Amino acid sequence: MNVANLQLEGLLMAVAAINHVLVRKGVLTVEEIDIALRKAEAVETGEDRSEGMSASSRDAVNFPIRLLELANQCQPEVDMPSFSKLARMVGQMKEPYNDQM
């Protein structure tokens with residue numbers, strides 16, 4: 001596996017862990033993090049950003065956001081699933097884009 005991919009895995013899991021700490025400490029709620037992530041995904045899937053992008057490129061851009069969304073849904077008191085389990089879950093929840101129909 002590419003070293004950059006491993007670094008991104010580590011970064012995503014670190015951000016997910018930080019999000020859990022923010023929720024546990026009452027700095028942010030799960031809902032507030034969810035809203036922020038949904039806004040980020042909306043920007044990335046908007047017409048301006050995704051015009052001319054292939055479906056696989058859009059999936060690549062949205063993968064980290066979706067992984068963080070799933071990690072955010074885990075209860076902060078419970079151990080977070082591994083990166084590979086979260087990645088599988090992202091693949092299972094993926095919905096087709098309009099141009100894939």
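Biologist: How many residues apart are Arg38 and Asp34 in helix α2?

Modeller: Four, so about one helical turn separates them. Helices are DSSP runs of H or I, at least four residues; strands are E, at least two; both are numbered from the N terminus.

Biologist: What meets in a salt bridge with Arg38?

Modeller: The side chain of Asp34, at 2.7 Å, N to O. A salt bridge puts a side-chain nitrogen of Lys or Arg within 4 Å of a carboxyl oxygen of Asp or Glu. This is a predicted model: local features need pLDDT of at least 70, side-chain atom pairs need 80 or more, and totals for chains, interfaces and linings use all residues. Numbering starts from 1 along each chain as its sequence is written, and side-chain values use heavy atoms, without hydrogens and water.

Biologist: How many salt bridges in the whole structure?

Modeller: Three. Arg66 forms one with Glu41, at 2.6 Å between the closest N and O atoms. That pair links helix α4 to helix α2, 25 residues apart. Asp59 also meets Arg66, at 3.9 Å, N to O.

Biologist: Is Arg66 buried or exposed?

Modeller: Buried, at 9% relative accessibility. Buried means under 20% relative accessible area, exposed over 50%, partly exposed in between (1.4 Å probe, protein chains only). Glu41 is buried too, at 15%.

Biologist: New topic. Arg88, buried or exposed?

Modeller: Exposed, at 52%. Arg88 is in helix α5, residues 83-93.

Biologist: Which residues does Leu68 contact?

Modeller: Beyond neighbours within four places in sequence, Leu12, Val15, Ala16 and Leu37. Contact means heavy atoms within 4.5 Å.
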